[in-house]
Amino acid sequence: MHPLRKGSVILTQLESNSSLANIFGGPGFESLSHGRQGPLLVANRGEIAIRIIRAAHELGMKAISIYSHEDRLSMHRYKADESYQIGEQGEYSPVGAYLAIDEIVKIAKQRGVSAIHPGYGFLSENAEFAAKVEAAGIAFVGPTAATITACGDKTKARDLAIKAGVPVVPGTDGPIATFEEAEDFIEKYGFPVIIKAAMGGGGRGMRVVRDAASLPHLFERAQSEALAAFGDGTVFIERFVDKPRHIEVQLLADGEGNVIHLYERDCSVQRRHQKVVEMGPALNLPEEVRQAMLEDAVKLAKASNYRNAGTAEFLVDQQNRHYFIEINPRIQVEHTVTEEITGVDLVSSQIRIALGETLKELKLSQESIILRGVAIQCRVTTEDPLRNFQPDTGRIEVYRSPAGQGVRLDGGPGYGGAVITPFYDSLLVKCTCTGRDFDAARRKVLRALTEFRVRGLKTNIPFIIKLLTHPTFVFGGRIWTTFIDDTPELIAGAYSQSRGQKLLRYLGELVVNGSRVKGQVGYPTLQTQVQIPTLPGIPKERSATPCQTGWRNVLLEKGPKGFCQAVRAHKGALIMDTTWRDAHQSLLATRVRTIDMARIATTTSHALQGAFALECWGGATFDVAMRFLWEDPWDRLTTLRKLVPNIPFSMLLRGANAVGYTSYPDNLIYAFCKKAVEHGVDIFRVFDSLNYEENLRLGIDAVVKAGGVAEGAISYTGDVSDPNRKKYDLAYYLDLTDKLVADGIHILGIKDMAGLLKPRAATMLVGGIRKRHPDLVIHVHTHDTAGTGVASMLACYEAGADIVDVAVDSMSGLTSQPSLGALVAALEGTDRDTGLHFDKVQAINSYWEQVRLLYSCFDPGLKSGDSGVYLHEMPGGQYTNLLFQSQQLGLGDAWIEVKKAYATANRLCGDIVKVTPSSKVVGDLAQFMVSQKLTEQEVIDRAEELSFPTSVLEYYQGYLGEPPYGFPEPLRTRILEAKGLQKVEGRPGANMPPLDLEGLKGDLVEEYGEKSVRDVDVISAALYPKVYEEFRHAQDIWGDLSVLPTQYFLTPLKVGEEFSFELDQGKKLFIKLMAIGPLNEATGKRDVFFLLNGEARVVAIQEEVTEKSGGGGSKPSRAQADSRDKSQVGAPMSGVVVEVRVEPGSEVKVGDPIVVMSAMKMETIVNATVAGTVGDVLVKPGESLNAGDLIAKIDKK
């Protein structure tokens, strides 16, 4: 580029296409312009500038463009043969540059142009510009200045129509300056009225007023908008015609008074008076009305001595009466519709007429204009329909456009890498499609729109598709100007998937910032795809399809009671495999993803055909799926159910807590169970963390009413074989069993969550229950923490149990369930043979051996069992999770102390049953004690001043129910009174009002769109509001991550690495990482370059400076609280600040909340340790803290 400076004008000539540009006007491409020679200057930007440049080139003319500094990278600049910047940077506003009349004319004169085409908008209707162009001896491509004045001023055009006998809508006699003048008109004609800018169009400066109260405000808005858009704030008022059609007639006139029409266009589909979809010719328009409008349009053009192209615009009311509203003395955005149905190049004709040619010389006459089919134009914009069409700005990451017969695209900034700025309108491209009839054209537009791929910015394409498929539009019905506003369902759910690009954004995050998954340490040991085994004796093709026979057939045929009778009558031992839920919760922090279960699902349906059930849902898997894996738990259930139709599915239901950690309104529990059954759950293991019968009874009743199998569970703790243990003896469990049977359970579950059930105790407990309830199905669950699991389960069978829980070998042992393979082998050939084939079990095990390596980054590294569980009584699932949490909270080195503290915390809670969520209470308290270096006695002595975790406080309040042997007193009362907390009596959820599920659904629909909110989404949001919100946010950014192979979900790609996967049935993506760009110091982002199916893609990723999971980075240092100074409030543990409850100057007393912190699901309220006035507050919501970091200072009283 060669910059030339002349005054305030920067001239920049492009040479990149000079060799090709030389053909214009050369041999074989001679100019068709008569008389004047010289290039054409385009006084516009974007799409219309490119359209005019193309027309000039086709006429053999060179084209010159102008641009603002903000448009220096725009396509119209380098489509032209020469381009020149208007003014120095900052001299003009982005819009002002295109309104700089004198500068534009100066460039035109310097470059010796023969004509200037103003396009539409900007100066296209400015009479002063037209006059100065003509005065400079340059042809103005448009009407004369006098005509622009006569037609461009809406009030003068109205007078012209009245004189010509053309019907008009009642309106003011001329422009008005104050709303008092408007009131005079309204007094005569009434509401509604419409205020219009006298000098403009495109919906700007236009307001509909329906009542007197809004008149002053809307009048003022219309004036200011007209002044900003057109440099003239003059407005006038008309009677508003309700639900009219907007029909415009295309006119073409030469300089000798000859005028023709090129038929009409229907521009009724508008939003805020901005046209969205245009078509021609108009449908369902009576022929006499059409002809009257065409004749009136020509009549007006002749009356105004019109020259060049223009449109006469009419409203057609519901009685098919037409009213003239304005003449637009310029080319229209939708001129492409007319070009397609008539074959006339309007822009080329404009230029030739401006240079002196007549319609006759152009071989255009009224008789020669013949309609050819139907054309529909859609304006594709970078607007977000779900955000009230808010314009979106930024870089286009991907741009792929449609093509094919009958598809025409007129674009401006549409290309990959283009930057859409906020300075101009949001039009990206016009898509005009032509068909033999209306439906053919409509279908072609829909096909074209689906071929677009625009990524990086929101577009209105989904909205247009909804519009074109709406019944009113489909059947050629009557569309009116407020159709979009009157049809809100067009907006709901109008969103684009952008699935591939969203996944690239996640992969880019992984490359730049490391793993996104909380709790991940390092990367998987296995970096290849897990191989699916072949089952002995079953062809691979057969095992790839679901097995159709199994225990679920019995359940579906006979119902829950008949099913249980069949189980009792069964002679062999039955097993439930927990691999898909409790096993990976116990060993791999609940992080196993749906994709890895689904890949082995059909094979499992054959290998474990005789299994009683598969435990695959509920418990912690529900929230962890959303919270850490960004998967929908309901989708997991649906997916697995389709692949395993023959084996019953079991889930863990926390009684009145459903799958949450707190109490909920009763109607939510019933709704949850109903939906769970509908989506594939058969058996519900209903338990309560305190064995509180009221909570158990609610869950059992909800399951029975939903049609599920109710397995009421007694949570086992203590040791029934130890006569010295005074709590939780055999009598206690027998009594609880009697109550559950009375409550209507189908199956009794014995939930030994810590693995405390020794073989002798198992014989006593199961034998005692069997003796009392000979027909009751008994199902035993344990953990193998101490290593006695298989022995205990064999003892359970001998004592009369029907079913026990096991896990495949590689997912068993330690804190998980006993080994499936060991149990099958031990019983093989006996009266209690499981009926499962050992070799098939081993084949399944070979798959999970690989999966363990794939999830090695979540493996806590336990090397052996821990018989110390008989002392600390920590549940198996919690054991590994608590170890992991302790490591995350900086307590990993103190794990032995945590286990000791767990036993102490249990005593402080009153020696309770420990299972989620009560186990969480004990675990939170244990970690709190270790982090604060507190002894049991110190907790008792300092109970009033300590900032206990929220879960502990809620337990003491009674939100989990009542423990079997009561709360520890006076400790409980002292803590609650110091914190000003109330005790909860009875079942916590009993007094909760019903949750308004329909109201919640309405809120979610408003937020996410109707199509993306199901009834199960409402339940998820009700159970976990914050988690669900974050899950939806992650989906919005990254899309459906469940389709990514796990090794690429957890491990960053290396440059040059490529992989492929199925996005959907028959849709395979190939992704390759090409490069990682340097850090942009100004934005803090890196560009990451990929190939997606061979197409270059780029995503910009914000580089994080905080600690990253999976390696890298460090947190900024913070001031530390002095533990000896009670005026300094410190973080009791590592975590994130959720809420700050005070500000500098707040008055606090001992125990008042200062901040709320959260760490690994544990929420803690940090309280004031002294009374006084808050001084400095050093933290904000969202900030991460380490234990001991200074939170605030309090000036003591």
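Which residue of strand 34 stands opposite Phe1061? I looked this up and found Leu1069.

**Entry 1: the model.** I noted that this is a predicted model, where local features need pLDDT of at least 70 and side-chain atom pairs count only at pLDDT 80 or more, while totals for chains, interfaces and linings use all residues. Residues are numbered from 1 along each chain as its sequence is written, and side-chain values use heavy atoms, with hydrogens and water left out.

Entry 2: I traced an open sheet of 4 strands in the order 33-34-35-36, with antiparallel pairing. Strands here are DSSP runs of E with at least two residues, helices are runs of H or I with at least four, and both are numbered from the N terminus. Two strands pair if DSSP finds at least two bridges between them. Strand 33 (1058–1064) and strand 36 (1095–1102) are the edges, each pairing on one side only. From one strand to the next the twist averages 35°. Strand 33 and strand 34 (residues 1067–1076) run antiparallel and are joined by 6 bridges.

**Entry 3: helix 16.** I then looked at what packs on this sheet. Helix 16 touches strand 33, strand 34, strand 35 (1085–1092) and strand 36, and its direction makes about 50° with that of strand 36. Contact means heavy atoms within 4.5 Å. Axes are lines fitted to C-alpha atoms, for helices over the stretch in contact, and angles run from 0 to 180 degrees between N-to-C directions.

I also checked helix 16 (residues 499–513) against helix 39 (residues 1025–1038): their axes come within 6 Å and cross at roughly 100°. The two helices are therefore roughly perpendicular to each other, a label for angles of 65 to 115 degrees. On helix 16 the contact is made by Lys502, Leu503, Arg505, Tyr506 and Glu509, and on helix 39 by Gln1035, Asp1036, Ile1037 and Trp1038.

**Entry 4: the cores.** I looked up the largest nonpolar core, which has 155 residues; Tyr506 is among those that touch the most other members, as are Trp580 and Trp848. Such a core is a set of buried Ala, Val, Leu, Ile, Met, Phe, Trp, Tyr and Cys residues joined through side-chain atoms within 4.5 Å; buried means under 20% relative accessible area (1.4 Å probe, protein chains only). Not counting residues up to four places away in sequence, Trp580 touches residues including Met597, Leu640, Phe649 and Trp848. A second, separate core of 60 residues includes Val249 and Phe324.

Conventions: Parallel < 35°, antiparallel > 145°, perpendicular 65-115°, else oblique. Buried < 20%, exposed > 50% of the residue type's maximum accessible area, 1.4 Å probe, protein only.
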